[in-house]
Amino acid sequence: METTLKGHFLNLYHMALSDTEVDTTELEILYKIGEEKGISKLEIDEVVVRPDTIKFSPPESVLEKIESLYDFARIAWADGKIDENEKRVMTMFCRKFGFEKDNIPSIVEFLLDEVQKGTSKEEIFKIVSENL
């Protein structure tokens, strides 16, 4: 697994921990996201067990950033509710990804709303691309 992807899964695990408890459904979504990206459960477990070996590497393009945040929103909704800490973590990653401060609240709300509605990643990419 490449370094950027390792960082993404470590960040997703961080998101799962943000409400102070890791729900089983959050881990199921984490592994499902891994499966979608061709990453095994064992590889994800290695990332979680050895976080000291991974350096933060932000996604480069806007769509890569949105894809990462979309995955964060999926983890946040896994237990059926959104905690303020989960919003705080998404906000923190928006800052780390270089989004302008004034745009961050609307980005977080947009992604949380769209994931709750079941909007696919491809549909979100289309919406975002039309507004770039």
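**Figure 1. Residue classes in the lining of the largest pocket of the predicted model.** By class, five nonpolar, six polar and five charged residues make up the lining of the largest pocket. Nonpolar here covers Ala, Val, Leu, Ile, Met, Phe, Trp, Tyr, Cys and Pro, charged covers Asp, Glu, Lys and Arg, and polar covers the others, Gly among them. This is a predicted model, in which local features need pLDDT of at least 70 and side-chain atom pairs count only at pLDDT 80 or more, while totals for chains, interfaces and linings use all residues. Residues are numbered from 1 along each chain as its sequence is written, and side-chain values use heavy atoms, with hydrogens and water left out.

**Figure 2. Volume and centre of the largest pocket.** The volume of the largest pocket is about 290 Å³. Closest to its centre, of the 16 lining residues, are Thr4, His8, Pro59, Glu64 and Ser68. A pocket is an open set of points on a 1 Å grid over the protein atoms alone where a 1.4 Å probe fits, with protein on both sides within 12 Å along at least five of seven lines; lining residues have an atom within 4 Å of a point. Grid points are joined across faces, edges and corners, and the volume is the space filled by probe spheres set on the points. Helix 1 (3–17) and helix 4 (62–77) each supply at least two lining residues, and helix 1 gives the most, with five. Helices are DSSP runs (H or I, at least four residues), numbered from the N terminus.

**Figure 3. The second largest pocket.** This pocket has a volume of about 200 Å³. Its lining consists of Val62, Ile66, Phe99, Ser106, Ile107, Phe110, Ile127, Val128, Asn131 and Leu132. Two or more of these residues come from each of helix 4, helix 6 (104–117) and helix 7 (121–130), and helix 6 has the largest share, three residues. By class, the lining has eight nonpolar, two polar and no charged residues.

Figure 4. Ser18 lies in the loop between helix 1 and helix 2 (24–36). Ser18 counts as buried because its relative accessibility is 8%, buried being under 20% relative accessible area (1.4 Å probe, protein chains only). The side chain of Ser18 reaches the backbone oxygen of Met15 at 2.7 Å. Leaving out residues up to four places away in sequence, Ser18 touches Asn85, Glu86 and Val89, with contact meaning heavy atoms within 4.5 Å.

**Figure 5. Confidence by element.** The protein averages a pLDDT (the predictor's confidence in each residue, from 0 to 100) of 92, and 100% of the residues score at least 70.

Technical notes:
Buried means under 20% relative accessible area, exposed over 50%, partly exposed in between (1.4 Å probe, protein chains only). A polar contact is a pair of N or O atoms within 3.5 Å; within protein, one must be able to donate a hydrogen and the other to accept it, and residues adjacent in sequence count only if both atoms are side-chain atoms.
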